[in-house]
Amino acid sequence: MVYDWAYSPFNTLVTTFVFATYFVRAVAHDVAAGTADWAFAQSVAGIVIALLAAPLGAVADRGGLRAQMLLLCTLILAGCTGALWFIRPDAAWASTALVLVAAATVAYEVGLSFYNAMLLEVAPPGRMGRVSGLAWGAGYVGGLTALVLCLFLLIQPAVPPFGLGRAQAEPVRAAMPFAAGWLLVFGLPLPILAWHRPAHRRGVRDAVRGGMVSLGATVRGVLRHPPLRLFLLARMLYSDGLTVLFAFGAIYAAGTFGMGTRDVMLLGIGLNITAGLGALGFALVEDRIGAKSVIMVSLFCLIVLGGALLVVRSVTLFWVLALPLGLFIGPAQSASRCLMAQFAPPRRRNALFGLYALSGRVTGFAGPAALATVTALTGSQRAGMGVVLVFLVAGTALLATVPSAQPGSRTPARPARRST
């Protein structure tokens, strides 16, 4: 729960509400170009994540290196996030900003594959939904707390603290080293406390070789397990929609509805409150109704509310529809990792959660790329954000074909035995 608390401010302060808005409004040449450039950077990050997550997970399985890999990802994420302080409100800094954000996004997603795999160690099958949901709720509280502190301590005061100057957007930029420090203070205890030496320590070369063999066996096991295969394909689609929603929701609010940094941060505070309430509320019932049911309900509501947000013109209506959206974002994600955990045997949990990250990113470039293309061709953020609905509807339709598991069950995906 503390690690979820530590990780979430990266989303709220960097990729969604603060730095993303600052980039398109102050760093990029214009809003449309900034949106397209941000989308391209996220697409590149998605390709790198797709290439790294599953192989690194398999190596961690083989070498007993989960905590070590999580620590490395945490340090890279903190370093890249803190370095965003140097991005001035000048188009000359745009490329540097995009490289740092892309690298941080890779570290964030790859690290989450190791973190999510720990769910099987801390929660019995009948309690995974509650543990995952409570942790996810703690993450939203952490993101909300960090956002509120940055708004009222750094950005909102008439006289910025620490001699920060508004001419160079220093109060906004200061939120980046704040996010990095937050991650280090609250994120480092988990990989350090979970650090252990495997009973049979393997060299790096043996771990890599064995990991690749294990990854091949895991992939073959997935291909032979239709429910898991269908779930990963469905998640690949709806995760693309959620990725676009997270990465460009605040950009959409700023560009289409003219919201400034303060209003966008207030929107972020409101969404984190509703998202935390949604995650905590569904956590209490998920183990009874099943993870798939939670995902289906959440996606359906996201589609309805998201469609309405694309057509409204009033800022008031935007607020009325956007805040309830948060109620269903957290449950869709938390229940997804629980459903994945029901399929994951302990021996290959890192590799399978690497494939889980892969399913969320193997076409993760498609959503931002589609948004970038549509936005560039039409010159309209509203049209570009329409790709969110396409991915959510496709993912929901495919998820409906996945056989429902009994709540709290765990159905491992094992490769077939070889004949001797």
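Leu52 lies in helix H3, which spans residues 31-63, helices being DSSP runs of H or I with at least four residues and strands runs of E with at least two, numbered from the N terminus. At 35% relative accessibility, Leu52 counts as partly exposed, a class that lies between buried (under 20% relative accessible area) and exposed (over 50%), with a 1.4 Å probe and protein chains only. The model is a predicted one, in which local features need pLDDT of at least 70 and side-chain atom pairs count only at pLDDT 80 or more, while totals for chains, interfaces and linings use all residues. Residues are numbered from 1 along each chain as its sequence is written, and side-chain values use heavy atoms, with hydrogens and water left out.

Together with Phe40, Val44, Ile47, Val48 and Leu51, Leu52 makes a nonpolar surface patch of about 520 Å². Patches of this kind consist of residues with over 30% relative accessible area and no salt bridge, where nonpolar side chains (Val, Leu, Ile, Met, Phe, Trp, Tyr) are joined within 5 Å and like charges within 9 Å. A salt bridge here is a side-chain nitrogen of Lys or Arg within 4 Å of a carboxyl oxygen of Asp or Glu.

**The chain as a whole**

The secondary structure of the protein chain comes to 20 helices and zero strands. Of its 420 residues, 57% count as buried, and its accessible surface comes to about 16,600 Å², of which 68% belongs to carbon and sulfur atoms; such areas come from the Shrake-Rupley method with a 1.4 Å probe, and for residues only the protein chains shown count as cover. Among contacts (heavy atoms within 4.5 Å) with a separation of 6 or more, 84% join residues 24 or more positions apart.

**Buried positions and distant partners**

Helix H2 (residues 19-27) is largely enclosed by the rest of the structure, because seven of its nine residues are buried. These are Phe19, Ala20, Thr21, Tyr22, Phe23, Val24 and Val27.

Thr74, in helix H4 (residues 66-83), counts as buried because its relative accessibility is 0%. Its side chain reaches the backbone oxygen of Leu70 at 2.7 Å, and, leaving aside neighbours within four places in sequence, Thr74 is in contact with Tyr3, Leu183 and Leu188.

Gly139 is found in helix H7 and is likewise buried, at 0% relative accessibility. The C-alpha atoms of Gly139 and Asp4 are separated by 4.4 Å although the two residues stand 135 residues apart along the chain. Beyond its neighbours within four places in sequence, Gly139 is in contact with Asp4, Trp5 and Ser8.

In helix H15 (residues 291-311), Met296 counts as partly exposed at 23% relative accessibility. Met296 and Thr396 are 100 residues apart in sequence, yet 6.6 Å apart in space, C-alpha to C-alpha. With neighbours within four places in sequence set aside, the contacts of Met296 are Thr396, Leu399 and Ala400.

Phe162 is found in the loop between helix H7 (128-155) and helix H8 (170-173), and Ala169 lies in the loop between H7 and H8.

| Residue | Phi | Relative accessibility | Class |
|---|---|---|---|
| Phe162 | about 60° | 75% | exposed |
| Ala169 | about 55° | 15% | buried |

Phe162 has its positive phi although it is not a glycine, and Ala169 has its own positive phi although it is not a glycine.

**Aromatic pairs**

A search of the whole structure finds 14 aromatic pairs, in which rings of Phe, Tyr and Trp (its six-membered ring) have centres within 6.5 Å, with planes under 30 degrees apart counted as stacked, over 60 as edge-to-face and the rest as tilted. The rings of Phe19 and Trp38 have their centres 6.2 Å apart and their planes at 40°, so the pair is tilted. This pair links distant parts of the chain, with Phe19 in helix H2 and Trp38 in helix H3, 19 residues apart, and both Phe19 and Trp38 are buried.

Phe257 and Phe318 also form a tilted pair, at 4.5 Å centre to centre and 35° between the planes. Phe257 lies in the loop between helix H12 (226-256) and helix H13 (261-283) and Phe318 in helix H16 (residues 315-341), so the pair ties together parts that are 61 residues apart in sequence; Phe257 and Phe318 are both buried. Elsewhere, ring pairs link Tyr3, Tyr7, Phe10, Tyr108 and Tyr115 into a cluster.

How values were computed: A polar contact is a pair of N or O atoms within 3.5 Å; within protein, one must be able to donate a hydrogen and the other to accept it, and residues adjacent in sequence count only if both atoms are side-chain atoms.
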